[in-house]
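Thanks for coming. I have one structure to go through today, and I will keep to what can be read from the coordinates.

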Amino acid sequence: RRREPERAPVDRAPIVTGTRVMMSNLDTEIVEEDLNDIFADILRVEIKGVEIHKDRNGVSKGTAEVLFRRRSDAEYAVEQFDGREVDGKVIRLHVLSSGPSFGGGGGGGGG
């Protein structure tokens, strides 16, 4: 009888595709709802998700990832908000390379 090769464990985290934008220099008090409001209400672009990066104690690190459905929306958001002041701080935005996000690798919410 032939032995079946052992299968690698399956990562059950969902793979989310789209265009990711990294935001930095955010106020540590900002929450996901604030970022949703910026992109959905002000820019009128469709986002798939927001993840604020937090330390082990659950305190914001001042960075976040926003996942956009369309690359053109992500680029528009960067164009409109990179270098602008939000809550007294000049924020930075840049488009990340495509790939899995939100728990699909390093840099996720757990720190």
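This is a predicted model: local features need pLDDT of at least 70, side-chain atom pairs count only at pLDDT 80 or more; totals for chains, interfaces and linings use all residues.

Let me start with β1. This strand is mostly covered, with 5 of its 6 residues buried. It has two pairing partners to discuss. With β3, β1 runs antiparallel, and 5 bridges join the two.

Is T19 buried or exposed? Its relative accessible area is 9%, and the cut-off for buried is under 20%, so T19 counts as buried. As for what surrounds it, leaving out residues up to four places away in sequence, T19 touches V66, L67, F68, R70, R71, A74 and V95.

Next is β2, residues 47-54. β2 is mostly covered as well: 6 of its 8 residues are buried. It runs antiparallel to β3, and 6 bridges join the two strands. Here G49 has L67 in β3 as its bridge partner. The hairpin of β2 and β3 has 5 residues between the strands, and in it G58 takes a positive phi near 85°.

One more residue in β2 is I52. At 4% relative accessibility, I52 is buried. I52 and T63 are 11 residues apart in sequence, and their C-alpha atoms are 6.1 Å apart in space.

α2 covers residues 71-81, and its buried residues are D73, A74, A77, V78 and F81. Why do these five sit on the same side of α2? They span an arc of only 140° around the axis, so they share one side of the helix.

Just after α2, G83 takes a positive phi of about 90°.

The largest nonpolar core has 22 residues, and M23, L35, F39, F68 and L93 have the most contacts inside it. At least two residues of this core come from each of β1, α1, β2, β3 and α2. Which element gives the largest share? That is α2, with 4 residues.

F68 deserves a separate look. Setting aside residues up to four places away in sequence, it touches G18, T19, V21, F39, V45, E46, I47, K48, D73, A74 and A77.

Last, the aromatic rings. The structure holds 2 aromatic pairs. In the pair of F39 and F68, the ring centres are 5.3 Å apart and the planes are at 85°, so this pair is edge-to-face. The pair links distant parts of the chain, with F39 in helix α1 and F68 in strand β3, 29 residues apart. Both F39 and F68 are buried.

The other pair is F39 with F81, also edge-to-face, at 6.2 Å centre to centre and 65° between the planes. It too links distant parts of the chain: F39 is in helix α1, F81 is in helix α2, and they are 42 residues apart. Taken together, the ring pairs link F39, F68 and F81 into a cluster.

How accessible are F39 and F81? F39 is at 0% relative accessibility and counts as buried. F81 is buried too, with a relative accessible area of 5%. One more contact on F81: the charged end of R84 sits over its ring, 4.9 Å from the centre.

If you keep one view on screen, I would pick F39, with its ring pairs to F68 and F81. That is what I had.

Conventions
Residues are numbered from 1 along each chain as its sequence is written. Side-chain values use heavy atoms; hydrogens and water are left out. Buried means under 20% relative accessible area, exposed over 50%, partly exposed in between (1.4 Å probe, protein chains only). The arc is that of the directions from the helix axis to the C-beta atoms. Contact means heavy atoms within 4.5 Å. A nonpolar core is a set of buried Ala, Val, Leu, Ile, Met, Phe, Trp, Tyr and Cys residues joined through side-chain atoms within 4.5 Å. Rings of Phe, Tyr and Trp (its six-membered ring) pair if their centres lie within 6.5 Å; planes under 30 degrees apart count as stacked, over 60 as edge-to-face and the rest as tilted. A charge sits over a ring if NZ of Lys or CZ of Arg is within 6 Å of the ring centre and within 35 degrees of the ring normal. Two strands pair if DSSP finds at least two bridges between them.
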